[in-house]
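Biologist: Please take me through this model one question at a time, and define each term when it first comes up.

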Amino acid sequence: MTSPAAPVRESVLSLAGVSKRFGAVQALTEVRLEVGAGEVVALVGDNGAGKSTLVKVISGVHSPDAGEVTFDGARFAVAGPAEAQAMGIATVFQDLALCDNLDVVANLFLGQELHRGPVLDEVAMEKEAWRLLRSLSAKIPSVRIPVASLSGGQRQTVAIARSLVGAPRW
Ligand SMILES: Nc1ncnc2c1ncn2[C@@H]1O[C@H](COP(=O)(O)OP(=O)(O)OP(=O)(O)O)[C@@H](O)[C@H]1O
Ligand SMILES: [Mg+2]
C-alpha cells in the first residue's frame, strides 16, 4: 500500500514513510497518513492491499521496518498492543479475535479485568458489560453465555464493545 499526499491539518495520528515487509511481500511502502481529532477515515483497497497491516502497525501488533508514527504530538515506537491501548488506541480486528469458549464478560475484560482487592470483581465487570452493550444498542440475551453461541452480528458488537473498555480517546 502506498499513499497519496495528505491534506495539511492538525493531526492526532500521523504516519510518515511507514514501510512493512513480510518476507517477499512488501505490504506497506512509505505510507503517509494524517488523521485529525474527531475525523473518521476509511482505508479502501483490494484484498491484500495492506489495510490490516497498517492498522496493526498503528495498534502496536507490528513494528514498522521504517517510518515514523506520531500520536497526540508524541512520536511513538509502539512496543506492543498493550502500550498502544494504554495510549488510548483501541482496535477492532477483522477476525474479531474473540475467545469462543469464554463468556461475553470474560471476552470484554480479557487482559484488563477489574479487581476488588486480590479477586476479580465479577459484579462490576458484568455491570460495565451491560452498560457498554446498551451504549451500542446491542441485542444480546445474556453476558454469561460463551460467545460461540452468539450470532455474527452479536459477536461483532462484543468485539466493538471490547474496544471501548478503558475509554479510548477520540
Ligand atoms: N503476518 C503476516 N505474515 C506474512 N505475510 C503477511 C502477514 N500479514 C499480512 N501479510 C501479507 O501482507 C499483505 C497485506 O495483507 P493485509 O492483511 O494487510 O491486507 P488487507 O488489505 O487487510 O486485505 P483484506 O481486504 O483481504 O483484509 C498480503 O499480501 C498478506 O499476505
Ligand atoms: Mg484486512
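**Backbone, strands and ligand shell**

Biologist: Is S137 buried or exposed?

Modeller: A residue is buried if 20 or more other C-beta atoms lie within 10 Å of its own, exposed if 12 or fewer, and partly exposed in between, with C-beta atoms placed from the backbone. S137 has 7 other C-beta atoms within 10 Å, so S137 is exposed.

Biologist: What kind of model is this, and how are residues, chains and ligands labelled?

Modeller: This is a predicted model, in which local features need pLDDT of at least 70 and side-chain atom pairs count only at pLDDT 80 or more, while totals for chains, interfaces and linings use all residues. Residues are numbered from 1 along each chain as its sequence is written, and chains are lettered from A and ligands numbered from 1 in the order in which they are written.

Biologist: Where is S137 found, and what is its phi?

Modeller: Most residues other than glycine have a negative phi. S137 is found in the loop between α4 and α5. Its phi is positive although S137 is not a glycine, with a value near 50 degrees.

Biologist: How many helices and strands does the chain have?

Modeller: Helices (H or I, at least four residues) and strands (E, at least two) are DSSP runs, numbered from the N terminus. Along the sequence they follow the pattern β-β-α-β-β-α-α-β-β-α-α. The secondary structure comes to five helices and six strands.

Biologist: What distance separates the centres of the two domains?

Modeller: Domain bounds come from an automatic or database domain assignment. For this chain the assignment gives domain 1 (13-86) and domain 2 (104-164). Taken over C-alpha atoms, the separation of their centres is 28 Å.

Biologist: What is the strand order in the open sheet of four strands, and which strands are at the edge?

Modeller: Two strands pair if DSSP finds at least two bridges between them. The sheet has antiparallel pairing and the order β2-β1-β3-β4. Two of these strands pair on one side only, and these edge strands are β2 and β4 (74-75).

Biologist: How many bridges join β1 to β2?

Modeller: β1 (residues 13-22) and β2 (residues 25-35) run antiparallel. They form a hairpin with two residues between them, and G23 in the turn has a positive phi of about 55 degrees. K20 stands opposite L28, and F22 has V25 as its bridge partner. The number of bridges joining the two strands is seven.

Biologist: Is E30 exposed or partly exposed?

Modeller: E30 is found in strand β2, and its phi is near 45 degrees, a positive value in a residue other than glycine. It has 14 other C-beta atoms within 10 Å, so E30 is partly exposed.

Biologist: Which element gives the largest share of the shell around ligand 1?

Modeller: A residue is near a molecule if its C-beta atom, placed from the backbone, lies within 6 Å of it. The residues surrounding ligand 1 include F22, V25, A27, K51, S52 and T53. The elements that give two or more residues to this shell are β2 and α1. The largest share, three residues, comes from α1.

Biologist: How do the residues of the shell around ligand 1 divide by type?

Modeller: Ala, Val, Leu, Ile, Met, Phe, Trp, Tyr, Cys and Pro count as nonpolar, Asp, Glu, Lys and Arg as charged, and the others, Gly among them, as polar. On that basis the shell divides into four nonpolar, seven polar and one charged.

Biologist: Which strands do the buried residues of α1 pack against?

Modeller: The buried residues of α1 are T53, L54, K56, V57 and I58. Two residues are in contact if their C-beta atoms, placed from the backbone, lie within 7 Å. The buried residues of α1 pack against β1, β2 and β3.

Biologist: Why does G60 count as buried?

Modeller: G60 is found in the loop between α1 (51-58) and β3 (66-71). It takes a positive phi of about 85 degrees just after α1. G60 is buried because the number of other C-beta atoms within 10 Å is 22.

Biologist: How far apart are the end C-alpha atoms of α5?

Modeller: The expected span of a helix is 1.5 Å times one less than its number of residues. For the 13 residues of α5 (residues 152-164) that should be 18 Å, which agrees with the distance between its end C-alpha atoms, 19 Å.

Biologist: Which helices do the buried residues of α5 pack against?

Modeller: The buried residues of α5 are T157, V158, A159, A161 and R162. They pack against α3 (104-108) and α4 (122-135).
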